[in-house]
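Subject: Structure for you to look at

Hello,

Please have it open in your viewer while you read.

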Amino acid sequence: MSNEIITLGIDVGGSYIKAALMHYSNNCTIIDKKCEKVRKRNPSVLSEEIIEYLLEKNNLKHTDIAYSASTGEGEMVTRKTGHFYSMTTHAKGGQFFFPEARTVVDMGALYVRAIKINHEGKVLDYKMTGQCASGSGQFIENISRYLGLAIEEVGSISLQSQNPETPSGICAVLAETDVINMVSRGISTQNIIKGIHLSIANRVIRLLSSLKAESPIFLTGGMAMNTGMVQAINELKTESKYKWDITTNDDAIYAGAYGAALWSGFRFFKLKEKKSIIYAA
Amino acid sequence: MKNIDQILEHCKELAFDLEFSYAKNWKSAQTDRVLIGYMPIYFPREITHAANALAVGILGTGDRKQIIKGDAFYQSYICHIPRGIIELALDGNLDEIDGFIFPSICDVIRNLSGTFQILKKGKFVKYLDYPQNFLSHIGGKFYKTELLHILHEIQKINNIEVTPEKLNNSIKLYNINQRLLKEIYNIRQEYPWRISFENLYYVVRAGMVITVEEHNKILEDVLEFLNINNGEPMDKIKVVISGAFCEQPPIGLIKTIELAGCYIVDDDLLLGSRWMKGDVADNTDDPLNALSEAYMNLSTFSSSVYSVGKPKGEQLVQLIKERNADGIIFAAPSFCDPALLDLPVMQKACDDANIRYISFQYNENTGQYKVIKEQVGAFSDSIKLWEDTVSS
């Protein structure tokens, strides 16, 4: 086998399943990618469908994939070579997008995690939000649904806010009650949404602060695609004493899948070197 | 060979039957049959077998029964397993059991034997103490006396005299049982994907509530299945679990560990099933003495029992090397004195031997595995991606 192989990474998240096919070599490139919202579908079946779609579209067979790996809720993916922990894959994926990054913030549906990394994408330290739902992308989805908005439009609506109204508490249940009160008080949708974004952004800043985050910082996960969220984080950063350089990418939601595909390649050659039974299989 | 799925399903039903239906049916088939309940740490089931009794492992209730009465007997800082056992006793699940053996696991279990006596459960309750002196004429003699006491209690119930021939025969059967289990573990060390640890656990645990003859047949079938090249290998690290010898982790936790990127290649769960490191002499004039010598010279290590001249940390490191494992998961029940008191010693031995490990605590009815999944996932990745040692 040559030193160029094809790997597959699939990231099963709380709201979205993301998959990427990669040419793994000294200069890794993405062959194709796909992202699907889970909605109320079976994640296991959907994962399989996404993989089949990518293979068929690119005229590939399962046997052409040297190593396939899941991340996130990986047990939902039955056919794979290995599984990597989501923190490890987001760290590597973040570094793929932005090689200079020394901190990656994974902002997903269920939690936010700040990860300090080295130049190889190795995790050095991390901090994450607790069990509370109000620091997660799922919370924004819930609020947008109450307000009759599509999740795709909350970012741009948030940018239109002039006078944001932040929820008083950090508890998702109380915050949702707050939002109902705001609506009855006639607060505009833009200001409510911006307030919610600022509330989560405040948590992100505190997370980065407690991690003693190093710049530059790269944002990954579904919430990183939300322009309103990124704007809110940058605004709060400017107000604070921190001089972090914070950036993201339009495809940042794929960071976990890219990371899984990258580690797949790394692991493939390591197993080959060790003449492992997994490699032979 | 029987259908493996049917065997595994049968084992799962047996393993978690809180009514002990198999044992009750077995007893009802003959009038002189006796049921002896015992807790999971080492108890030589050979003596009950020879006395026409079935040793029934009592492992608590796990996450399958709500504990109400049991909580009234124990303070909040006591582990979960005795609560479940009390609950079973007070709900009548153990009524058919004639006698109870409580091996010397810890103070809590010693007191549980006293509680059973006060509750007048069974025809006898025996607190089985282990020798702390490993000289034959002192510790060996003491241990033999303990076993004789149990045999006399069973004889009082069914009037069956245990002869050396009967006991030698029982020892032979349990030697076969131990050898089969060892072979299964050895194959699984090389090819852990051929049977999940969850399924292996059902197979081993079933053996605690059925006759050794039937368990040997099951093990032979499982072994035959394992010798066939089946299943797809996955890139996972190999780990040994340590500290879970008494209160058992819920199945969800076991599954979580394997799903998070580990193959469990050895463990101390259900330790009483795999206690002996070699064959017990099965052709002597004094088989009780053979059992006693086996306890002192062939038994494996555990936080529950005294070990002299063979530090437990060294024995754990030796096990890791034998199993070619990548690391250790110290999983101990909350408030488990023996496991948690030994933990620093074990960890020091691992540090000295440059062996990676993580540790966490659980209850037999733990229902949330998210944190453990994160911890095990990070552990697996740290070894796979940043260590030279890989599972092969």
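A salt bridge here is a side-chain nitrogen of Lys or Arg within 4 Å of a carboxyl oxygen of Asp or Glu. By that rule, the side chains of Asp286(B) and Lys144(B) form one, with 2.6 Å from N to O. Please keep in mind that this is a predicted model.

**The two domains of chain B**

Contact between the two takes in 38 residues of domain 1 of chain B and 30 residues of domain 2 of chain B. Together, domain 1 and domain 2 of chain B bury about 2,900 Å² between them, and 68% of that is on carbon and sulfur atoms. On the domain 1 side, the residues that lose the most area to domain 2 are Tyr42(B), Phe134(B) and Lys144(B), together 24% of what that side buries.

How many salt bridges does the rule find across the interface of domain 1 and domain 2 of chain B? The rule finds one. Polar contacts between the two domains of chain B come to ten residue pairs, counting pairs with both residues at pLDDT 80 or more.

As for which elements are involved, α3 (45–50), α4 (81–90) and α6 (136–158) of chain B each bring at least two residues to the side of domain 1 that touches domain 2. The helix that gives the most to that side is α6(B), with eight residues.

**A closer look at α4(B)**

Nine of the ten residues of α4(B) are buried, so the helix is largely enclosed by the rest of the structure. The buried residues in α4(B) are Ile81(B), Pro82(B), Arg83(B), Gly84(B), Ile85(B), Ile86(B), Glu87(B), Leu88(B) and Ala89(B). Among the parts that cover them is α5 (107–118) of chain B. After α4(B) comes Gly92(B), with a positive phi near 85°.

**Where chain A meets chain B**

Between the chains, 27 residues of chain A are in contact with 21 residues of chain B. The area buried between chain A and chain B is about 2,300 Å², with 60% of it from carbon and sulfur atoms. There are five salt bridges between chain A and chain B. One of the salt bridges joins Glu73(A) to Lys373(B), with 3.0 Å between the closest N and O atoms. Twelve residue pairs are in polar contact between chain A and chain B, again with both at pLDDT 80 or more.

On the chain A side, β4 (65–72), β5 (82–83), α8 (255–273) and α9 (277–280) each supply at least two of the residues that touch chain B. The largest share comes from α8(A), with five residues. By class, the side of chain A that touches chain B has eleven nonpolar, seven polar and nine charged residues.

**Asp266(B)**

Is Asp266(B) buried or exposed? At 4% relative accessibility, Asp266(B) counts as buried, because the cut-off is under 20%. Asp266(B) lies in strand β6 (residues 262–266) of chain B. The side chain of Asp266(B) makes a polar contact with the side chain of Arg323(B) at 2.7 Å. Beyond its neighbours within four places in sequence, Asp266(B) is in contact with residues including Tyr185(B), Val239(B), Arg274(B) and Leu319(B).

**Backbone points to check**

Most residues other than glycine have a negative phi, and most peptide bonds are trans. Here are some exceptions to look at.

- Phe20(B) has a positive phi of about 50° and sits in the loop between α1 (4–15) and α2 (21–28) of chain B. Phe20(B) is buried, with a relative accessible area of 8%.
- Asn324(B) also has a positive phi, near 55°, and belongs to the loop between α12 (312–322) and β7 (327–333) of chain B. Asn324(B) is partly exposed, with a relative accessible area of 46%.
- The peptide bond from Ser215(A) to Pro216(A) is cis, with omega near 0°. Pro216(A) is in the loop between α6 (189–211) and β9 (217–220) of chain A.

Happy to talk any of this through.

Best wishes

How values were computed. Residues are numbered from 1 along each chain as its sequence is written. Chains are lettered from A and ligands numbered from 1 in the order in which they are written. This is a predicted model: local features need pLDDT of at least 70, side-chain atom pairs count only at pLDDT 80 or more; totals for chains, interfaces and linings use all residues. Side-chain values use heavy atoms; hydrogens and water are left out. Contact means heavy atoms within 4.5 Å. Buried area is the accessible area (1.4 Å probe) that two parts lose on being put together, summed over both. A polar contact is a pair of N or O atoms within 3.5 Å; within protein, one must be able to donate a hydrogen and the other to accept it, and residues adjacent in sequence count only if both atoms are side-chain atoms. Helices (H or I, at least four residues) and strands (E, at least two) are DSSP runs, numbered from the N terminus. Ala, Val, Leu, Ile, Met, Phe, Trp, Tyr, Cys and Pro count as nonpolar, Asp, Glu, Lys and Arg as charged, and the others, Gly among them, as polar. Buried means under 20% relative accessible area, exposed over 50%, partly exposed in between (1.4 Å probe, protein chains only).
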